[in-house]
Amino acid sequence: MIHDVNCVKFSQYHYYNNCCHVICSSSSDGTIRFWDFNNNQQLKIFKGHSNGVCCIEFSSFNNGRYLCSGSYDKKIRLWDVETSKSLHIFNGHEDTVRCVDISPLQGNNDNKTNKIGVIGGNGYTICSGSFDKTIRIWDIETTKQFNVYKGHTDCVNSVKYGSNELINTILSGSNDKSIRLWDIRSNDQIQVFNGHLRDIAYVGYAPFIVNNIEIDGNSNVICSGSWDNTIRFWDIRSNKKELYLIKEEEEEDGKESVKDVVITCFKFLNKKKKKSNDIDCNIDLCYSCNDFIRIWG
């Protein structure tokens, strides 16, 4: 039987420690696999989930030694990539765990020497989004759930921790067509962004700022990709509508219909600095649509 591959990530741990180019994949067959793509070889396989694995995310600390996974079995697992062991199981979601993220590296912690026994003491957490419409925060050390965010009215497909000035925020996207920003400290919903016409598949913090006098100085930007065939940019410090919109148009040969184009994920890539549409940027945007990939800059 052929099973879907649901998520793929580069393994930071193998690159930092062995200068080895390894990718990690999660599948509907319930496994997580590591592949040496230079030698076309499978290195290891993690088994533990009792159903398909929807999502994976590497830790920001310890050079990516720890891997978090979410599954259709409603569980979240934390794995040690070095020992290939499952360290913790997080229980609490009432439906499929669709997306996970691990809190960013903290400035006062050593990325190389952190031990698993003190991660919780340093405040590292896991954020998860589920088909049960909730977002939950988990303490990595104690495996205890200490926050549940309710507000979305449909499945949560994407969650992301903020960084730098936005380190205490979580961004989420849902099938309810909304993007929401949450404050971890107060446990409150800060803002809701509406405008997409279909499900939100992916959200992220854009690595550039907007220079706009009307917004009163520099402002942080978020980005969202949707089944409505658009990627939208939003200024989180203003109450205005989206700053910019990228729309996938129909191909000239007519093989791809606009209504069938789905933005499934995106990634920002560093490049030489340029200025476009009032946004100062030095990045390209790479995004996946159906069975093809585009780069926009």
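## Burial and the basis of the model

A residue is called buried when its relative accessible area is under 20%, exposed when it is over 50%, and partly exposed in between, using a 1.4 Å probe and protein chains only. By this definition Tyr 244 is partly exposed, because its relative accessible area is 23%. Phe 233, at 2% relative accessibility, counts as buried.

The structure is a predicted model, in which local features need pLDDT of at least 70 and side-chain atom pairs count only at pLDDT 80 or more, while totals for chains, interfaces and linings use all residues. Residues are numbered from 1 along each chain as its sequence is written, and side-chain values use heavy atoms, with hydrogens and water left out.

Strands are DSSP runs of type E with at least two residues, and helices are runs of H or I with at least four residues; both are numbered from the N terminus. Strand S19 covers residues 230-235, and six of its six residues are buried, so the strand is largely enclosed by the rest of the structure. In a regular strand the side chains alternate between the two faces of the sheet. In S19, Thr 230, Arg 232 and Trp 234 point one way, whereas Ile 231, Phe 233 and Asp 235 point the other way.

Two strands pair if DSSP finds at least two bridges between them. S19 pairs with strand S20 (residues 244-247) in the antiparallel sense, over four bridges. Within this pairing, Phe 233 stands opposite Tyr 244 in S20.

## Aromatic pairs

Rings of Phe, Tyr and Trp (its six-membered ring) pair if their centres lie within 6.5 Å; planes under 30 degrees apart count as stacked, over 60 as edge-to-face and the rest as tilted. The structure holds eleven aromatic pairs. One of them joins Tyr 149 and Trp 182, which are stacked at 5.2 Å centre to centre with 10 degrees between the planes. Tyr 149 lies in strand S12 (residues 145-150) and Trp 182 in strand S15 (residues 178-183), so this pair ties together parts that are 33 residues apart in sequence. Both Tyr 149 and Trp 182 are buried.

Phe 233 and Tyr 244 also form an aromatic pair, which is tilted, with 6.3 Å centre to centre and 55 degrees between the planes. Because Phe 233 belongs to S19 and Tyr 244 to S20, the pair ties together parts that are eleven residues apart in sequence.

## A ring cluster and a charge

Ring pairs link Phe 34, Phe 46, Phe 58 and Trp 79 into a cluster. A charge sits over a ring if NZ of Lys or CZ of Arg is within 6 Å of the ring centre and within 35 degrees of the ring normal. The charged end of Lys 44 sits over the ring of Phe 34, 5.7 Å from its centre.

## A sheet of four strands

An open sheet of four strands has the order S5-S6-S7-S8, with antiparallel pairing. Its edge strands, S5 (53-58) and S8 (85-90), each pair on one side only. Strand S6 (residues 66-71) and strand S7 (residues 76-80) pair over five bridges, and Ser 69 stands opposite Arg 77 in S7.

## Cysteines

A disulfide is a pair of cysteine sulfur atoms within 2.5 Å, and the structure holds zero disulfides. For Cys 24, the nearest cysteine sulfur is that of Cys 7, 8.1 Å away. Cys 24 is buried, with a relative accessible area of 0%. For Cys 68, the nearest cysteine sulfur is that of Cys 55, 7.1 Å away. Cys 68 is buried, with a relative accessible area of 0%.
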